[in-house]
Amino acid sequence: MTARTRVPATLIVAVTLAVSVLTATAASAEPGIGLDPRSISKGKPTLASSQRTGHASNLSTDNDLATRWESTKKVDPQWITVDLLVRYHILGAKVHWAADCAKAFRYELSNDAVTWTTLGTRTDFTGGDSYLLLNGRSVGRYLRIFGTKRCHSSRGYAINEIEVFGSVADTVPPTAPGDLRASGINGTSVSLIWTRSTDNLRTGLAYDIYAGTTRLKTAGGSATMVTGLTPATDYLLSVVARDYDGNLSPPSNTVAVHTGPVSDVPSPPSAVVNVRPVAISTTCFTVIWDPSTDNTAVARYDVYVSGQPIQSVPTATAETCGLTPNTTYGVAVTAWDTDGNVAEATSTRSVATLPG
Ligand SMILES: [Ca+2]
Ligand SMILES: [Ca+2]
Ligand SMILES: [Ca+2]
């Protein structure tokens, strides 16, 4: 798995927003009054399940608390979507409901306005302003308020203004993974290795393994064993890199694989465990690990430092040099057997060089 621990720098802003929106004042005749100037939904296109004459959906993002969207009366569910035009890390939202509020509704997020993820749900709302506060990890372009129960049975849904907060997401996709190769082809599995993609941001990339258009699994490094295949079957395999914000690279080259007979079972080496440093200087460290076992023989170990494949070694020890003093590196090791089966790295050990 890829470590994904980046904390958005805008998180602090989110907390500030939460405080400021809580103290925002009520409706006023002047556009923008009582609304937060940092809202990213202001003036953005909208679409709703229905709208009443004089109360079109775009009146929910016109920066004016005196105007509102109104749905058809007495019909559940009803929804309104704000199109933020590009993808954002969503930090939160504030919905200024009119008197005709939703008793039950949910906040949803989507990249394509087709597949939706629920960000939050209310089931007992009684009116006023509703708040959604997130950690910025959710990324999407479309924010939808989906009402399932109205506050007043004889009325509809009505919203004066929807405010959304967030920061623009990364839009630069990684480069395509390269030089995809297959080895260790068994009845139900195959080992894959490829060269890593590069990206504009220094965060971990995930690699999705595809058979045709079907995603089989996701790997965090540049080698993985694909299992669960059908014996005696043709597969066209490829790899696509995915960055932190979900941007996809072009696919790698494809490799054609024909799996073996049913009796041909995979036998990868045991996983590498207990990676640990035994010598550390300002620019080098040496790590060792418990040797893997295999039904035939372990051929080599690949050593990854901060996600980059650094070297292949025949035994359970590796020295890495040319490092920066006083810096922490993540070290991971995979094992290959003589039949081309790979045992995936199961954990990453952090090793820090000494101060210079
Ligand atoms: Ca309005
Ligand atoms: Ca990127
Ligand atoms: Ca083996």
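Two strands are said to pair if DSSP finds at least two bridges between them, and strands themselves (E, at least two residues), like helices (H or I, at least four residues), are DSSP runs numbered from the N terminus. In these terms, strand 4 (residues 102-110) and strand 5 (residues 117-122) run antiparallel and are joined by five bridges. Phe-105 has Arg-122 in strand 5 as its bridge partner. The two strands form a hairpin with six residues between them, and in the turn Ala-113 has a positive phi of about 65°.

The model is a predicted one, in which local features need pLDDT of at least 70 and side-chain atom pairs count only at pLDDT 80 or more, while totals for chains, interfaces and linings use all residues. Residues are numbered from 1 along each chain as its sequence is written, and chains are lettered from A and ligands numbered from 1 in the order in which they are written.

Taken as a whole, the chain has one helix and 23 strands. Its C-alpha trace spans about 75 × 55 × 30 Å along the principal axes. The radius of gyration (taken over C-alpha atoms) is 27 Å, whereas a compact globule of 356 residues would have a value near 21 Å, by the rule of 2.2 Å times the number of residues to the power 0.38. The domain assignment, whose bounds come from an automatic or database source, gives domain 1 (11-168), domain 2 (178-258) and domain 3 (273-352). Between the centres of domain 1 and domain 2, taken over C-alpha atoms, there are 39 Å.

Of the 356 residues, 38% count as buried, a residue being buried if 20 or more other C-beta atoms, placed from the backbone, lie within 10 Å of its own, exposed if 12 or fewer do, and partly exposed in between. A nonpolar core is a set of buried Ala, Val, Leu, Ile, Met, Phe, Trp, Tyr and Cys residues joined through C-beta atoms within 7 Å. The largest such core has 38 residues, and Leu-192, Ile-209, Val-272, Val-303, Val-331 and Val-333 are those with the most contacts inside it. Strand 21 gives the most to this core, with six residues. Because domain 2 (178-258) and domain 3 (273-352) both give residues to the core, it lies between them. A second, separate core of 32 residues includes Leu-91, Ala-98, Ala-102 and Leu-132.

Leaving aside neighbours within four places in sequence, Ile-209 is in contact with residues including Leu-192, Leu-216, Val-226 and Leu-237. Val-272 is placed in the loop between strand 15 and strand 16 (273-280), and it counts as buried because it has 24 C-beta neighbours inside 10 Å. Val-272 and Val-333 lie 61 residues apart in sequence, yet their C-alpha atoms are 6.5 Å apart in space.

Finally, four strands form an open sheet in the order 12-11-14-15, with antiparallel pairing. Strand 12 (214-219) and strand 15 (255-258) stand at the edges with a single partner strand each, so one side of each is left without a neighbour in the sheet. Strand 14 and strand 15 pair in the antiparallel sense over four bridges, and Leu-237 stands opposite Val-255 in strand 15.

Technical notes
Two residues are in contact if their C-beta atoms, placed from the backbone, lie within 7 Å.
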